[in-house]
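Let's take a walk through this fold together, one piece at a time. Have a look at the picture first, then read on.

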Amino acid sequence: MENFIKGRLLIVGGGTMGEAILAGILSSGKLDPSQVIVVEPNYDKELLLRERYGVEVASEIGYRNFNADDVCLFAVKPQVAYKVLEGLAPRFEGTLFVSIAIGVTIADYYKVLDASIPVVRVMPNMPISIGEGMSLISCAPNVSEAQKDIATQIFSAAGLVEHIPEAWQSAGATISGSGPAYFSYVIDALIDAGKDAGLPAELSKRLAAQTVIGVSRLLLETSRSPREIMQATASPGGITEAALETLDAEGVHDSIVQAFAASIERAAQLEANFES
């Protein structure tokens, strides 16, 4: 299979998401490990990545330069993005720059990067680590169709991809990026409820998790809406109707909407604090 990146893939940050994306790309067979360089300052993680994937791992970028055949995947925490990027920027010449740092805008990157650098902003989520990710991609105007395709292939190797306007990134990230925590929150509550009713915790976990999978497929593969599924499940006077009435009485729906708003507000704070 032909490699979709002609030159090298530089991954800056070998943490959970950086490693998950690396694993997805290599398992797709579209990139050879010899093309990959990972910059990871944590020594133990450096050794693990080198042994597990057979790629080059270094604690710093050194004096290497990267050109238009290369791709940089920027996978660092937003709080340190500005400082790390200052050291990287002089090393790029036409290099496709792909970032997964939440709350850092394309305009923010151009405060440090040269205007000629094509920038792609992506929000993947945690299930990318098992090939079931959902990644939201937004591109600067100077990103070519070929470069968009490269970015798409990086993330579609481990899940689904949606191309969206950058203005939708924070809202989208709150649903798909934070979503695994929301659904895990509900499953955790169901596990506790099951235990209180005498069910083994592992059984409750399997029941809840498989049900989430089933409902998700119903929504994705049929024309049914969430409310239609609720109505079809809740027989008048039945157990599901009693449960839904309790959730409404406790304001759970409104609480989730408020949680969404809090997440959007935090994303705005991160964007505002990029240089600091």
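Before we start, one term: two residues are in contact when they have heavy atoms within 4.5 Å of each other. What you see is a predicted model, in which local features need pLDDT of at least 70 and side-chain atom pairs count only at pLDDT 80 or more, while totals for chains, interfaces and linings use all residues. Residues are numbered from 1 along each chain as its sequence is written, and side-chain values use heavy atoms, with hydrogens and water left out.

Now the overall view. The protein chain has eleven helices and eight strands; these are DSSP runs numbered from the N terminus, with helices being H or I over at least four residues and strands being E over at least two. Its C-alpha atoms fill a box of roughly 70 × 40 × 35 Å along the principal axes. Of the 276 residues, 39% are buried, where buried means under 20% relative accessible area, exposed means over 50% and partly exposed lies in between, using a 1.4 Å probe and protein chains only. If you take the contacts between residues at least 6 apart in sequence, 65% of them join residues at least 24 apart.

Next, the sheet. Strands of a sheet pair through backbone hydrogen bonds, either parallel or antiparallel. Here two strands count as paired if DSSP finds at least two bridges between them. Eight strands make up an open sheet, in the order β3-β2-β1-β4-β5-β6-β7-β8, and the pairing is mixed. β3 (56-58) and β8 sit at the edges with a single partner strand each, so one side of each has no neighbour in the sheet. On average, neighbouring strands are turned by 20° against each other, direction ignored.

Let's start with β1 and β2. They run parallel and are joined by four bridges; L10 has I37 in β2 as its bridge partner, and I11 stands opposite V38 in β2. Together, β1, α1 and β2 make a right-handed β-α-β unit. Right-handed here means that, with the strands pointing away from the viewer, the path from the first strand over the helix to the second runs clockwise. β2 is covered on both faces: V36 and V38 are buried on one side, and I37 and V39 are buried on the other. Three bridges then tie β2 to β3, again in parallel, with V39 partnered by A58 in β3. The chain gets from β2 to β3 through α2, in another right-handed crossover.

What about the helix α1 itself? With 13 residues, α1 reaches 19 Å from its first C-alpha to its last, close to the 18 Å expected at 1.5 Å a residue (the expected span is 1.5 Å times one less than the number of residues). Buried residues in α1 include G18, A20, I21, L22 and I25. Among the elements covering the buried residues of α1 are β1 (9-12), β2 (36-39), α2 (43-53), β4 (71-74) and α5.

In soluble globular proteins, nonpolar side chains tend to be buried together. In this model the largest nonpolar core has 57 residues, and L10, F74, F92, F97, Y109, L113 and F155 have the most contacts inside it. Such a core is a set of buried Ala, Val, Leu, Ile, Met, Phe, Trp, Tyr and Cys residues joined through side-chain atoms within 4.5 Å. Beyond its neighbours within four places in sequence, Y109 is in contact with F74, L85, F97, S99, A101, V104 and V119.

Now hop over to the other end of the sheet. Five of the seven residues of β7 (residues 133-139) are buried, so β7 is largely enclosed by the rest of the structure. β6 (residues 119-123) runs antiparallel to β7, with four bridges between them, and V120 stands opposite C139. β8 (residues 159-163) runs parallel to β7, with five bridges, and M134 stands opposite L160. The chain crosses from β7 to β8 through α5 (residues 145-156), and this crossover is right-handed.

Last stop: α6 (residues 169-177). Its buried residues include Q169, S170 and G172, and the buried residues of α6 pack against β6, β7, α7 (179-196) and α11 (252-272).

How values were computed
Axes fitted to C-alpha atoms, helices over the stretch in contact; angles between N-to-C directions.
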